[in-house]
Amino acid sequence: MLSLCLSAFLIGSLEISRAEPGDEKRKVAATEEKPTAPQEKHEPSQKPGPIRRHAGGYDVQVATITITGRAVDQDGLSAPGADIQVVNDNPMYSGNMLLGKTTSGTDGRFVLRGISLPILTPPPGAIPKPTEGRFEVSGWVSGKAFAWHAPQSYRPGPRPAKTDAKEAGVAFYEGETVTTDLVFGPPARLSGTVTDDAGKPVEGALVQVGYINNVRSPGGSGTWNCSAIAPTGEDVAFRGVATLPESRRSAHTDAHGKYAIEGLPRETKFLALIDHEPTYEPRTLTIATTKESFADIKSLGYDGVLDHVFTVPGTVRVRTTLAGSGGATGGATVIARGSKIQRSGAIATTDAQGMAVLHLQPDDYTLRAEPPAGVVAVVAELPFKVAKGTKETAVDVQLEAGAPLTFEAVEEATGKGIAGVRFAYETDTTRVRRPVASQTVYVDHPATGADGRLAVIASPGARRYFADRVPGFEPIDAENPLAMIVAGRPEVVRFRFRPVPAPDAPSPRSSNSKDEVVRRLQERSEAQRALLRRGRMRASRYYQPAEGIAPAAFTSLLDALDRDAVPPVIELIQKTFPDAEPASGVTFDLISDDPRRREELIDPPGDQNVFNGFETVCFSRGNAQVDLCDDSEKCTVRIHVAGVADFARSYSGDGAIARRADGTVTLEKTGDPAARVVADEKTGFVYRDTMSYNDGKSRKEYWGFAPKGTPEGLVFPSLSVEADIQRDRITTIWIKRIESVDLTSPIPPEIFAAKVPAGALILDYRDGRDDTYRGVLRAPVTDLVAWADQVALTRKRFVPPVKPGDRAPSIEPAVWLDRTGKTEAPDLDGKVVLVDFWGVSCGPCIGQLPEVREAVEHFKGTDVRIIGLHDSSGTVKEVSEFAAKRGLAYPLAIDRPSSESGWFGATFAAYGVRGIPGAAVLDRHGRIVFIGQFSEAVDKAGELLK
């Protein structure tokens, strides 16, 4: 895949940072920095290097800095032998987090030399942001708690004449010594016992604090919260907790179920996890090494005990049979869906006797049985319960017979079948039109064959069928009358078509040249493209950052290589261009059956992307997230799923022969675009392809190496390189290697069904929907598209109640307040109003507060009024005390409850704000200008002042 999902493959994972109604309360994950370190003159930092464009909209440079400091204990005595590290604390940056490590000397002093710190220049905005690189120094030493310093920054250029006093010890400028001291305090300890509900100790259970695994995504990125409790309420977060040694933040239980984690800092909040096998339900909570009490936080003191009892899952034996005959159904898929996420044990395939075994926690479930391919039956569902204390139970489920239907598409005048026709249907209870599938388990968009016929297995019931147009024909009757489809009874659904003018077909590529050599090349290329439409491939794709690589030197390097051998391109690039960043890549399996495609990552494993001919499913295991989109013009997300054809270049144009030598032919085409191709005259294999356009200012370069062949006649490159060049600057370099090609193995249609595990968050972008959020899968699904279609039938489509340009709904909260308590409503007439939708129980909202306070300060003395609208769950005492601790010196309000469930409050509902934090901007005339995220809202408000 070459677009949106590729970022997850190469860059890393993303975290969702918005709370949704009904989510568990989220804790603070980010706070404002607090300076303490003094300045010294020692080793000045170097100037930053070349500028690179970062995906987050920032320009990125790298500066080499030196950090000096001293490690001491709580009494100010030296802490020799402390392990010291520095991590990248830049926002929106996906590079390596750990930047350097060292050890303190006998006097406690340490020096971190040669630290390559990314320097980020943010995009222009209403509030000017400095060009800086943020970092965080931390460490650990025997017998003490691990420690960290609040984030600091290095800013290239001289220190301004006037700087904020808060910058002392926090922001360092060019030529200044960067200093950081660490204080290692007395440690806290966490211990406990983990057992099961029978009282037996659980050996090997995992206990984590600070940084915990994402239980929705095994092997993916985790979640963190480690923050020092400050008297002012501005807790100091430790982002680098994930880079600490695991022994400092986790433990496994022993044979007696005992565990202990030593060396934790006191007066600190931690996110904590106790987990075991995936069939067990994990426990996630926030703890604190303090005696102070906090809402929704378990305070444990300095020698805390945290025990846990796991419930052992019950064994559920499922027997599937066919209704009527009572015969066992082997190969059926059974899935149990309950109220909680079932990470494992909730899906199985029946054996030849129709038996399957599930392992389930106590809960109320819906058991879903899906018939295997070729069985004339439909999906069955029934409710069942696993009671607490259940060790073993059995469930019988019958698969009801399906209706075997044959669709026919024929030309009325001749009676001949029409190929390529697809169908849709409606039921007697809804006018929502859904595509006809070949069976009831997955969505595959089948079409009639050359004989104009299509056989499917349908669910019984009242149906009205529709036929699609195809090039050259249209149905005479757009729909069939509503008819009752009966289980087990074969039916023929016939549609008559009449010819219509077909759209102009593209001129054939195989015979548009008078030159015999060129014509043969075009014919062979067309044959190659036909072979590439169906097959399997294992391949690797590498992205080579192009910064520091000169186009002329790069093309000369590749042009000089032996085209019939597999060159070590990545190694040669690193040797020739030592300043270039290293390449990164993935290995995956590709399956194509034109137009359907599937790609699945093998190294690293897990991610998959499937295109079923109409819809695309992009699953990122690291994010535990699925993006579902389609090819409609309204869909705002575009995802390309790579196919076999993406890795084999074929000659696709015309041109004049410029040279024939050594069995190759060089063809050139002048004009704009211009092209030059070097191909093997016998096979049509493309060794070299250059296309220039925009009057030669831009060009695409391609190299193919070491051609290989298959028995079917396909010729493909063992390795290929592609480069885009814009105005003498390389923008992208792709290196692709094909390991194997299989054009003969069967490709069953169900392989293009998108299987997704439990715990995945679903976003459905099809048809340009505004309500993309579909929740989190509580059980695995066989086909995500079929699951999403079913959800769409039961969920009312969300239509934003207002949009930019509309008259803004009035802001009438339950109460106005500030940090002292209740107040009068502020005067907003004729003002630009920026509403921050937030809540004290929303971690991302609290993490955003420094940005809100900065905006309040920036807009002071202008016509912009910022108000903080709290969700309806807050109380005056709770919110005002929180505001006093956090220094929120701007109008606040608590919303009225919404009359409709699923909203944070009445005003939230009126503005269509379904997730927090959120923001809205109103102009001086009371019209909506923007609804979205706070950072963009600030820019919009600033524009209204111009």
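In the predicted model, Ser720 lies in strand β51, which spans residues 715–726. With a relative accessible area of 2%, Ser720 falls under the 20% cut-off and is therefore buried. Beyond its neighbours within four places in sequence, Ser720 is in contact with Tyr702, Trp703 and Gly704, and also with Trp734, Ile735 and Lys736. Strand β50 (residues 698–709) contains Ala706, a residue that is not a glycine and yet has a positive phi of about 50°; Ala706 is likewise buried, its relative accessible area being 8%.

A positive phi is also found at Asp296, again not a glycine, where the value is about 65°; Asp296 is placed in the loop between β21 (283–288) and β22 (298–299). Two cis peptide bonds were examined as well. One joins Asp672 and Pro673, with omega of about 10°, and Pro673 sits in the loop between β47 (664–669) and β48 (674–680). The other joins Ile916 and Pro917, with omega of about 0°, and Pro917 belongs to the loop between α9 (906–911) and β60 (918–922).

Strand β28 pairs with β25 (residues 314–322) in the antiparallel sense over six bridges, and Met355 of β28 is the bridge partner of Arg319.

Helix α5 (residues 784–794) has among its buried residues Leu784, Val785, Trp787 and Val791, and the elements covering the buried residues of α5 include β26 (333–337), β44 (615–620), β45 (625–630) and β53 (761–764).

How values were computed:
Residues numbered from 1 in each chain as written. Predicted model: local features only at pLDDT ≥ 70, side-chain atom pairs only at ≥ 80, totals over all residues. Heavy atoms only, no water. Buried < 20%, exposed > 50% of the residue type's maximum accessible area, 1.4 Å probe, protein only. Helix = DSSP H or I, 4+ residues; strand = E, 2+ residues; numbered from the N terminus. Contact = heavy atoms within 4.5 Å. Pairing = 2+ DSSP bridges.
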